[in-house]
Each structure stands twice: as C-alpha cells, then as structure tokens.
Number of protein chains: 2
Amino acid sequence: MSTLDVAKRYVELVKEHKNAECLNELFASDAVSVEAGAPPGQERTTRGVDAIRGKSKWWNETHIVHGGSVDGPFPHDDRFAVKFSFDVTFKPENRRFTMNEVGLFTVKDDKIVKEEFFYTQ
Amino acid sequence: MSTLDVAKRYVELVKEHKNAECLNELFASDAVSVEAGAPPGQERTTRGVDAIRGKSKWWNETHIVHGGSVDGPFPHDDRFAVKFSFDVTFKPENRRFTMNEVGLFTVKDDKIVKEEFFYTQ
C-alpha cells in the first residue's frame with residue numbers, strides 16, 4: 001500500500017466511527033501518539049498501540065459526539081494530514097465545545113507509526 | 001514570540017493577502033519550502049526566502065483567486081498547521097479548481113524555517 005492508501009483507509013474508518021478497527025488494522029504495535037497538550041491527568045505522549053487503545057477508550061467514555069467532519073487526507077511523502085472538527089460534550093464537566101484540530105500521521109511499512117495532534121490549548 | 005504568536009501573525013497576513021509582508025516579516029533567510037508534488041517545470045523543494053519569493057510571484061502571476069478560507073493556526077510545540085481552501089483558476093490552462101491543502105510550518109528563533117504543503121496530486 002502507498003501512504004495515500006493508508007491515509008484513505010484511515011479517513012474511511014474514522015468517518016464510520018470505527019476507531020477500534022482503525023487501530024487494529026492500520027497502526028504499528030509500537031506506534032506513538034502525541035497530543036499538543038496533556039489531557040487532564042495524562043501524559044502528552046502515549047507509546048504503543050495498546051496504550052493508544054486505552055486513550056481512545058478514555059476519550060469515547062468521556063465525550064459525546066454530536067456531529068462533525070473529517071477533511072482529507074492530505075498526503076506528503078510518508079506523512080498525511082487530516083483536519084478534524086467535532087461538536088462534542090466533555091461529560092465530566094458537561095461542557096460542549098467544538099474540537100478543531102489537525103492530525104499529522106507518519107507511515108512506515110504500510111502502518112501508522114506516529115500520530116501528532118495539532119490544536120490550540 | 002511564541003510559536004503561537006508567529007502562527008497567528010502568519011494567518012493574519014495570509015488572510016489579508018499580504019504574502020510579501022509575510023515572507024519579509026516571518027520567514028528565516030534560509031527557510032525551505034517543500035511541495036507535496038513539483039509544480040510544472042519546478043522542483044518540489046525551494047531553498048532560501050529569495051527563491052520562495054520567486055515561487056510566490058510565479059503563483060500569483062499564474063492564478064486568479066476567486067475566494068477561499070484559511071483555517072487555523074493549529075500549534076504543536078515548535079510547529080503549526082494551517083488548512084487552506086482556495087477557489088482558483090490556473091491561468092495557463094484556464095482551469096478552475098479548489099485548492100485544498102494543509103500547510104505545516106516549523107518555527108525556530110521566532111522565524112519560520114520550513115513550510116511543507118500537504119495535498120493530493
């Protein structure tokens with residue numbers, strides 16, 4: 001697969017809210033996930049797909065998604081970017097806001113080895 | 001200035017179509033610009049702000065901008081991303097299309113030292 005193939009599949013799965021499948025199918029076991037800022041009580045960097053699954057689970061349990069859009073992918077060599085915009089409620093604070101961010105993904109041997117999220121804190 | 005200050009100023013100047021001021025004020029003299037793909041007759045990588053000015057001049061002379069949007073900035077450490085969407089006509093071919101891309105910018109010592117453009121070719 002090319003980086004663009006991986007990128008298109010990523011966007012397809014995320015649009016279908018198939019986050020677990022996305023991690024299983026497209027992420028390297030030693031993939032790294034880096035946030036622009038640390039979520040409450042967490043580190044900015046999550047190492048390994050098992051830990052990323054844990055972060056994804058935490059996110060799904062603490063947020064309600066009312067709607068949103070996934071724009072992309074935008075490839076460049078072995079990386080691709082995706083623009084996310086989600087209307088969500090953070091349940092612990094009952095706070096509704098728009099999550100506007102860019103994800104930057106690095107692909108190696110047909111797997112995503114790094115995801116980095118860009119946003120204003 | 002922080003990376004976010006540079007990023008906000010970049011977006012402000014680009015929204016005002018002040019591309020020359022943007023290059024003069026925010027780019028390091030040895031900044032590098034990398035396209036996802038090479039424009040016709042050009043290299044993917046442009047080295048130095050003078051050469052980037054040349055690329056910018058070529059772009060302005062060969063495109064008509066009918067409208068568009070600049071979304072961001074989205075910061076992450078010493079980098080920031082910007083989502084561009086421009087409705088343009090490429091004059092040499094009289095071809096109108098939507099230019100949808102993400103720019104990734106790296107900041108060092110308050111100056112942009114690298115810009116990378118992500119898009120489908």
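Which residues does A:Glu115 touch, not counting those up to four places away in sequence? I started my notes with that one.

**Entry 1: A:Glu115**

I am working from a predicted model. I looked up the contacts of A:Glu115 and found A:Ser33, A:Gly103 and A:Phe105, leaving out residues up to four places away in sequence. A:Glu115 sits in strand E6 of chain A.

I counted 19 other C-beta atoms within 10 Å, so A:Glu115 is partly exposed. A buried residue needs 20 or more.

**Entry 2: chain A as a whole**

I listed the elements next. Chain A has three helices and six strands. Read from the N terminus, their order is α-α-β-β-α-β-β-β-β.

Then I looked at dimensions. Along the principal axes, the C-alpha atoms of chain A fill a box of roughly 40 × 25 × 25 Å. The radius of gyration is 14 Å, which agrees with the value near 14 Å for a compact globule of 121 residues. Of those 121 residues, 24% count as buried.

I also checked contact range. I took the contacts in chain A between residues at least 6 apart in sequence; 45% of them join residues at least 24 apart.

**Entry 3: how the chains are related**

What rotation superposes chain A on chain B? I found 180 degrees, with 0.0 Å of shift along the axis and an RMSD of 0.0 Å. That is the relation of a two-fold axis. In chain A, the C-alpha nearest the axis belongs to A:Lys83, at 3.8 Å.

**Entry 4: the contact between the chains**

I turned to the interface. Chain A gives 15 residues to the contact, and chain B gives 15 residues. On chain A, strands E3 (63-76), E4 (79-90), E5 (95-108) and E6 (111-118) each supply at least two residues of the side that touches chain B. By type, that side of chain A divides into 10 nonpolar, two polar and three charged residues.

Why do I say that the copies meet through the same surface? Because 100% of the interface residues of chain A are also interface residues in chain B.

**Entry 5: the core**

I looked for the largest nonpolar core. It has 34 residues, and those with the most contacts inside it are A:Ala81 and B:Ala81.

In chain A, B:Ala81 touches A:Ala81, A:Val102 and A:Phe118. In chain B, B:Ala81 touches B:Gly72, B:Pro73, B:Phe74, B:Val102, B:Gly103 and B:Leu104.

My background note: in soluble globular proteins, nonpolar side chains tend to be buried together.

**Entry 6: strand pairing in chain B**

I traced the partners of E6(B). Strand E1 (residues 27-34) of chain B pairs with E6(B) in the parallel sense, over four bridges. B:Val34 stands opposite B:Glu116 there.

E5(B) runs antiparallel to E6(B), and seven bridges join them. B:Val102 has B:Phe118 as its bridge partner in E6(B). E5(B) and E6(B) form a hairpin with two residues between them. In the turn, B:Asp109 has a positive phi of about 50 degrees.

Another background note: most residues other than glycine have a negative phi, and most peptide bonds are trans. I went looking for exceptions.

B:Asp110 has a positive phi, near 70 degrees, and is not glycine. It lies in the loop between strand E5 (95-108) and strand E6 (111-118) of chain B. B:Asp110 counts as exposed, because its C-beta neighbours inside 10 Å number 12.

B:His17 also has a positive phi, about 60 degrees. Where does B:His17 lie? I placed B:His17 in the loop between helix H1 (3-15) and helix H2 (19-26) of chain B. With 11 C-beta neighbours inside 10 Å, B:His17 counts as exposed.

The bond from A:Gly72 to A:Pro73 is cis, with omega near 10 degrees. A:Pro73 is in strand E3 of chain A. In chain B, a cis bond joins B:Gly72 and B:Pro73, with omega about 10 degrees. B:Pro73 lies in strand E3 (residues 63-76) of chain B.

How values were computed
Residues are numbered from 1 along each chain as its sequence is written. Chains are lettered from A and ligands numbered from 1 in the order in which they are written. This is a predicted model: local features need pLDDT of at least 70, side-chain atom pairs count only at pLDDT 80 or more; totals for chains, interfaces and linings use all residues. Copies are superposed by least squares on the C-alpha atoms of residues with pLDDT of at least 70 in both. Two residues are in contact if their C-beta atoms, placed from the backbone, lie within 7 Å. Ala, Val, Leu, Ile, Met, Phe, Trp, Tyr, Cys and Pro count as nonpolar, Asp, Glu, Lys and Arg as charged, and the others, Gly among them, as polar. The radius of gyration is taken over C-alpha atoms; the globule rule is 2.2 Å times the number of residues to the power 0.38. A nonpolar core is a set of buried Ala, Val, Leu, Ile, Met, Phe, Trp, Tyr and Cys residues joined through C-beta atoms within 7 Å. Two strands pair if DSSP finds at least two bridges between them.
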